[in-house]
Amino acid sequence: MLKDIQLSLTNNEIRLVRKMLGREPNQLEWAMIDTEWSEHTSYKSSKKVLKLLPTKGRYVVIGPGYDSGVIDVGNDYIITLHIESHNHPSAIDPYGGAATGIGGVLRDIICMGTKPIALIDPLRFGMINKSDHSKWLFINVVRGIADYGNCVGVPTVAGEVEFDESFERNCLVDVACIGIGLKKHLILAEARYPNDLLILAGGSTGRDGIHGVTFASKVLSEKSDEERSAVQVPDPFMKKLIIDATLEIVETGYVRGLKDLGGGGLTCSLSEIAAKGGCGVEIHLEKVNLREPDMSPIEIMLSESQERMLFVVKKEGLEKISKIFEKYDIPYSIIGKVTDDGYLTVKMRGEVLARLPAKMVANAPIMHKKSRKPEYIELYKNIKPPEEPKNLDEVFLKLLSSPNLCSREWIYRQYDHEVGIRTIIKPGQADAAVLKIPNEKFLAVTSDGNSKHCYLDPYYGAAGCMAEACRNIIAVGGKPIAMVDHCQFGDPNKVDVYWTFVEAVRGMADYCKALHIPCVGGKVSFYNEDTVTNSAIKPSPVVMVVGLINNAKYITDMSLKMVNDAIMMIGLTKPEMGGSEYYEYIHNLIGGIVPKVDFQFEKRLHKLMDKIIKKRLAKAIHDCSKGGFAIGLVEMCFPNNLGVEVDCSKIPSINCRLDELLFSETHGRFIIEVSKDNVEDIMELASKMNIECNVIGRVCGNRFKLKMNDHDIFNFSIKELKNIWSQALPKYLGEI
Amino acid sequence: MRIAVIRFPGSNCDLDTIEALSKIPNVEPHLIWHEDNELHKYDAIILPGGFSYGDYLRAGIIAAHSPIMKQVKNLAEKGMPILGICNGFQILIEANLLPGALLRNNSLKFICKWVRVRVETNRTPFTYTLNKGSFLRIPIAHNEGRYFIPKSELKDLYKYDQIVFRYVDELGKPSNKANPNGSIDNIAGICNREGNVVGMMPHPERASQSILSPYYTEDGKKIFESLINYMRMVSLC
């Protein structure tokens with residue numbers, strides 16, 4: 001039997017399966033185990049390391065292990081959050097891959113009984129200013145997200161994009177989603193009550209997406225283009241109907257379990273609901289609504305056709321639920337029932353085709369991987385700093401138009417970020433999006449990643465992603481309350497790669513522990529490498545952090561607002577140039593010391609900012625990160641075309657050359673606009689908490705004037721800078 | 001005053017429109033599933049934005065042929081105020097309740113953006129209390145919003161005062177720069193000859209609460225309030 005099908009299981013796993021079952025599984029059973037034990041669905045290589053992340057906290061209702069994390073936001077409301085990626089499919093079919101990625105994460109939100117209210121898209125590509133392939137991927141991924149997200153009626157409110165050569169063959173297409181609902185309607189993916197009915201609803205089951213998870217659990221090769229059938233077909237219209245119908249059905253109170261069909265198809269969903277609920281399930285394949293007539297049992301059990309949901313319902317509710325499906329014209333069929341035997345039983349016209357213990361299928365044995373610090377780490381750390389450029393004007397203008405720092409408007413204009421009428425802070429207005437939620441509170445949402453930092457120092461790089469995301473939340477007036485993470489790495493069987501994974505998780509975990517921010521979910525995507533260039537992506541953990549804002553008056557954006565206001569710098573600038581845009585884009589230099597994160601300092605910084613926000617002392621807040629101080633400051637000038645006069649000698653700093661002062665990406669810094677009357681208060685608060693802080697200049701005119709004592713550094717018109725910044729992306733894409 | 005907001009499969013601004021209407025005194029908004037057949041019980045009808053039937057085939061065309069549109073046509077002939085927003089506008093055009101066509105944006109991309117429009121006529125129920133020549137800030141979000149009509153018919157639009165909104169710049173001029181999608185003569189909204197059926201690409205329901213507006217405005221609300229005042233006037237006559 002075994003020799004007829006291609007398995008990804010290791011020899012050890014094959015032996016273990018035989019031992020656990022006490023018999024030779026048949027072909028269908030092998031295929032089911034193979035799928036469910038793949039890296040993609042089982043987390044077998046990562047589970048142990050992910051345990052480092054703290055998962056408990058005062059807001060947490062449900063932590064990792066379910067389709068979404070669940071947070072209590074008060075007044076009987078919960079929010080759900082999850083992050084997913086569709087990297088492999090998008091690398092081959094960028095439009096369909098990106099679109100179906102959204103479909104997947106939406107299902108994770110609705111299957112908790114909550115309504116999706118926001119999408120967030122962190123994306124990573126090769127250098128679009130050099131590579132036509134990356135340009136093609138980028139344009140079509142954005143279009144795929146737009147077409148799907150816009151149609152389904154969930155606003156895309158935030159995201160980020162990073163360009164780096166390491167993503168040339170393996171682009172990273174992540175998507176995160178936030179849902180909201182009443183706590184009493186929360187539903188878990190569990191089958192707890194024998195004789196409850198299993199209803200499969202939504203799209204029909206076809207041959208698309210078969211072996212999607214095993215496809216995702218290996219490296220891309222030249223042949224990958226032939227695997228386009230492993231990418232599913234998007235249908236946002238059907239998804240919209242499923243969202244509406246599911247939420248209506250959840251309100252009937254008859255639903256006792258809900259699970260989406262994603263990676264691993266029916267096999268995954270059935271074994272997981274049974275294992276989690278401590279029951280068994282029995283299904284009849286002839287009841288499954290098929291797209292093609294002659295599908296084999298293996299194909300039916302593994303199909304990853306999109307837009308399908310599995311409902312576990314009380315028998316009494318069948319009539320009412322059926323009516324709702326019929327109202328929305330959603331095909332559905334009762335495919336089986338919950339049993340009390342703990343087995344996943346697959347039948348076809350009465351004949352048993354497979355019978356496996358659900359817990360065994362759902363719980364792949366954990367793999368212990370070896371790790372070793374890659375040699376390059378120490379090598380790159382000690383490189384010599386580049387010579388200080390004579391013409392900083394040129395450097396600044398080049399940075400402003402670099403793919404990683406230029407305006408993102410070309411992207412977010414294509415996303416409907418208003419639908420749902422809750423987007424208060426919109427893309428481009430501040431460091432995070434702010435959403436109105438029905439309990440009169442506000443939710444701040446952001447995502448962050450930094451592969452350049454993580455490559456040189458995965459520990460501080462990943463901790464830095466958390467630090468930056470939290471600063472983003474704080475900059476709009478929020479308090480970070482939870483995070484989800486997405487770890488994206490190369491082949492975990494390579495010791496070097498695995499070491500970077502462990503270090504990155506450790507970095508995020510240490511930050512989360514110190515700042516009491518629970519991790520409520522996440523995702524791991526390994527094998528992001530290809531055999532064509534024989535290289536892996538840079539380590540790319542990505543985090544999404546959500547924050548709560550209790551009062552509308554605390555909401556702040558980053559635009560400078562009034563002439564003569566003071567501009568203040570909070571935090572100390574250090575010459576931490578490793579992985580900076582300045583080193584990499586200007587000097588073509590990989591190496592140096594990556595910005596460190598001081599956890600104790602971060603705690604004090606969060607407290608200080610909380611006081612500044614609650615007392616409403618700042619009119620604009622912007623975190624200082626990618627591109628450094630100069631880029632951060634100019635971004636604050638753009639919205640209202642207001643200029644500044646700043647003396648850089650006033651910036652609190654330590655051992656910095658001028659270029660380092662301007663472009664270092666040191667963590668723990670904010671630039672704020674303050675009316676002159678409030679300067680004293682802020683200085684006092686900062687000094688009490690032992691945080692460096694200084695007035696560095698004022699808002700005035702419409703020019704960007706930076707000097708060092710009496711020596712002029714920059715003097716540009718804001719309009720000119722804004723043109724360069726906002727036209728860069730369309731120029732790279734050949735539109736202007 | 002009872003307003004029907006019709007929900008087609010794939011509508012996605014229906015609940016937003018209901019929410020915006022519910023904040024206006026004396027308005028009772030009702031979400032009406034497209035299979036409902038008692039539209040005559042309402043005082044006005046709104047076709048909300050979204051992607052009815054996934055916008056498959058062509059934006060708005062499938063919904064335009066759904067049974068409920070027969071009732072909408074009858075009621076339109078009887079003079080009931082009817083507003084189509086975005087996809088609703090596309091449906092009204094495909095149903096031949098409004099002239100012209102809505103083509104793909106000239107950028108060939110979806111555009112989500114706050115724009116400024118000028119009120120060109122106040123003879124419709126939806127602009128009744130607005131001043132002709134006044135300005136509104138309302139966001140657009142569409143892929144197929146480029147209004148087109150042959151030159152000869154365009155003349156008629158002017159002749160019969162059927163242009164309701166035009167995209168304008170900060171100086172109030174319908175300039176090329178202010179035209180987000182390439183619409184002919186910067187047209188953002190039109191009405192039928194009688195003036196009771198209005199279609200517009202911008203989303204007033206998204207501009208009805210100051211907290212949602214980058215300008216702290218509530219210009220969208222004015223369109224709904226206008227309808228209420230118009231209905232009050234009609235009932236007094």
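This is a predicted model: local features need pLDDT of at least 70, side-chain atom pairs count only at pLDDT 80 or more; totals for chains, interfaces and linings use all residues.

Reply: Residues are numbered from 1 along each chain as its sequence is written, chains are lettered from A and ligands numbered from 1 in the order in which they are written, and side-chain values use heavy atoms, leaving out hydrogens and water.

Me: Why is the pair Glu84(A) and Lys523(A) called a salt bridge?

Reply: The term asks for a side-chain nitrogen of Lys or Arg within 4 Å of a carboxyl oxygen of Asp or Glu. Here the closest N and O atoms are 3.7 Å apart, so the pair passes. In general, side chains of opposite charge can pair when their charged atoms come close.

Me: What makes Glu84(A) and Lys523(A) a tie between separate parts of the chain?

Reply: Glu84(A) sits in strand β3 (residues 77-85) of chain A and Lys523(A) in strand β18 (residues 519-525) of chain A, so the bridge ties together parts that are 439 residues apart in sequence. Helices (H or I, at least four residues) and strands (E, at least two) are DSSP runs, numbered from the N terminus. Both Glu84(A) and Lys523(A) are buried, a word for under 20% relative accessible area, with exposed meaning over 50% and partly exposed in between (1.4 Å probe, protein chains only).

Me: How many salt bridges turn up over all chains?

Reply: A search of the whole structure gives 59. One of them joins Arg372(A) and Asp496(A), with the closest N and O atoms 3.3 Å apart. That pair also links distant parts of the chain, 124 residues apart: Arg372(A) is in the loop between α13 (358-362) and α14 (376-381) of chain A, and Asp496(A) is in helix α19 (residues 495-515) of chain A.

Me: Are Arg372(A) and Asp496(A) exposed or partly exposed?

Reply: Arg372(A) has 51% relative accessibility, so it counts as exposed. Asp496(A) has 27%, so Asp496(A) is called partly exposed.

Me: How do you know that Glu94(B) and Arg58(B) form a salt bridge?

Reply: Their side chains meet at 2.8 Å, N to O, and that is within the 4 Å limit. Glu94(B) lies in helix α4 (residues 87-94) of chain B and Arg58(B) in the loop between β3 (44-47) and α2 (61-64) of chain B, so parts 36 residues apart in sequence are tied together. Arg58(B), at 46% relative accessibility, counts as partly exposed.

Me: What makes strand β17 of chain A largely enclosed?

Reply: Nine of the 10 residues of β17(A) (residues 479-488) are buried, so the rest of the structure largely encloses that strand. β17(A) pairs with strand β21 (residues 542-549) of chain A in the antiparallel sense over seven bridges, and with β18(A) in the parallel sense over six bridges. Pairing takes at least two bridges found by DSSP.

Me: Why are β23 and β28 of chain A called edge strands?

Reply: They belong to an open sheet of seven strands in chain A, in the order β23-β25-β22-β26-β24-β27-β28, with mixed pairing. β23 (618-623) and β28 (711-717) each pair on one side only, as edge strands do. β28(A) pairs with strand β27 (residues 703-708) of chain A in the antiparallel sense over six bridges.

Me: Which domains does chain A have?

Reply: The assignment gives domain 1 (25-37 + 188-363), domain 2 (67-185 + 421-552) and domain 3 (386-415 + 558-736). The bounds come from an automatic or database domain assignment. Taken over C-alpha atoms, the centres of domain 1 and domain 3 of chain A are separated by 50 Å.

Me: How do you know that chain A and chain B are in contact?

Reply: Contact means heavy atoms within 4.5 Å, and 33 residues of chain A are in contact with 29 residues of chain B. The two chains bury about 2500 Å² between them, 59% of it on carbon and sulfur atoms; buried area is the accessible area (1.4 Å probe) that two parts lose on being put together, summed over both. In chain A, Phe237(A), Arg413(A) and Ile421(A) lose the most area to chain B, together 26% of what that side buries. There are also four salt bridges between chain A and chain B.
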